[in-house]
Amino acid sequence: METSIIIAGFGGQGVLFSGQLLAYAGMDNGMHVTWIPSYGPEMRGGTANCTVIIGDELIGAPTVAHPDVAVALNLPSFEKYAPLVKSGGLLIANSSLIPAKSNRTDIEIVTVPANAIAEKFGIVKMLNMAALGALLAKRPLFTLDALLQTLHEHLPARKHHLLEANKLVLQRGYAVGMETAVPA
Amino acid sequence: MAKELLKGNVAIAEAAIRAGCEAYFGYPITPQTEILEHLAKRMPELGRVFLQAESEVAAVNMVYGAACAGARVMTSSSSPGISLMQEGISYIASSEVPAVFVDVMRGGPGLGNIQPTQSDYNQVTKTAGHGDFHPIVLAPATIQEAIDLMALSFDLAEKYRTLVFMALDGAIGQMMEPAELPPMQEVRRERPSWALTGKQGRDHKNIVTSLYLGAEPLTKFNAKLQAKLAEIEANEIRYDELLTDDAQLLITAYGTAARVAQTAVKRLRQENIPVGLFRPITLWPFPTERLGQLAGRVPAFLSVEMNAGQMIHDVREAVGRTVTVDFLGQPGGVIPLPEEIEDKVRQMWLKLEAVA
């Protein structure tokens, strides 16, 4: 069993770090993981993305054409990845920056006002945590507490005063994910 | 030690430190710059040498000099940078001094791009510089293997007084995976008996040279060099096999291409297609004999590479003319998808079944 996740957005939205956080949490919870960033010309255009694969067996291919989950933090990422999510998969869209809707009916779509949540419960830079919260609500790869523990261990000590706010943002994102009904 | 989540380039750099690398000379180039970044910070902390040279040409000659003095020395670069180093690489081969090179391959030819490829297979295995020689070429497919092979690189380089290349594509350099680093080896203080250390009371001068003016001395030197290469071929071939025992169709691939192939093989096995994976770990010496044995009972091979088809020629030579060898891959910086490999293997399997 393998779950592939693409996280995409502008540079500075915490795209690469949130992918690494998922990979660390997977590793800390005894799973096999890979993390691979885009480092080619596309990131020179201001968008960044990374692919995380979490599974219970050794992972072969580190990239996928059709991810199980896509997390789109900005509009260009939404336009690129909404059509690519595997049928039956999950799309998390940051509705604070993405006014568009996807017309796909074969995937689950969770819209999270990630910027708004982050600004209300912490600082705007924590928007990636709101999105991760929603992701974990829909795909419980590990518990929210496990992710918080991982965050505690891998966030540099000088940023530890931000842990509490990160927790609130994660929890709010998680709640939004839980409130989003599974389509009939 | 516990597993850590490590980026390939960082893992390679730290593994080199743990292997007791005494000196590093290099020049930045994507997608391997994290190797320099890591070493720039760590080597001075440990009282070892890190030097960012003014160019790859300067860096390779500094490596040559440190190797002549008997230091455990390395450099790293990516495709165009390796091309610039080739003169020095050939001099090092001819001088029979040990040195380790890491080539994190990117798209070519020319300045190309920074995307992951395997387009330097021919360059590093066949023509790492002018003259008759081959470096030992190691190709890791995981971060853990990159760490393990890094330590092996230095040991092999010193055992045979030869060049060792770690050849990986940019994806292995850039990706992160859990892996375990070995314990720290201190820098070795004593120098090999052949090293240029000053005469120090010895009754003879040590001379390291790559210049043999007459035909006779150079012929003699080349014979000695070829004998050494033959010994390496006899002792140092490494490979990995996945589900080859009952396979009727074998994929040959290394590095990231092998990882993707591994995913494809697992899925195809669920469809009862008897496919396996043969993964060379040493690209030179190439596991010719083992592939030849497998070709005795496997009628079809597929070489999957991130280039226009380079290793396929070694595969063909190994398996002979009676066996089909197809190719899948492309140059330019594209990681193949498991689905492409699966489609290709299904087509090949249908053909095989039609014949049988």
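Analyst: Two residues count as being in contact if their C-beta atoms, placed from the backbone, lie within 7 Å. The model to be read here is predicted.

User: Which residues of α4(A) meet which residues of α7(A)?

Analyst: From α4(A), the residues are A:A114, A:I117, A:A118 and A:F121. They meet A:A165, A:L168, A:V169, A:R172 and A:G173 in α7(A). By class, this contact has seven nonpolar residues, one polar and one charged.

User: Is the crossing of α4(A) and α7(A) left-handed or right-handed?

Analyst: The crossing in which α4(A) passes α7(A) is right-handed.

User: How is chain B divided into domains?

Analyst: Domain 1 of chain B comprises 4–199 + 222–235, and domain 2 comprises 240–355. Their C-alpha centres lie 28 Å apart.

User: How many residues of domain 1 of chain B are in contact with domain 2 of chain B, and which elements contribute?

Analyst: The idea of contact applies again: 24 residues of domain 1 of chain B are in contact with 22 residues of domain 2 of chain B. On the domain 1 side, the elements of chain B that give two or more residues are α5 (121–126), β6 (136–138), β7 (163–169), α7 (170–174) and α8 (215–235). The residues of that side divide into 13 nonpolar, nine polar and two charged.

Methods:
Residues numbered from 1 in each chain as written. Chains lettered and ligands numbered in written order. Predicted model: local features only at pLDDT ≥ 70, side-chain atom pairs only at ≥ 80, totals over all residues. Domains from an automatic or database assignment. Helix = DSSP H or I, 4+ residues; strand = E, 2+ residues; numbered from the N terminus. Nonpolar A, V, L, I, M, F, W, Y, C, P; charged D, E, K, R; others polar. Left-handed = near helix turned anticlockwise from the far one by under 90°.
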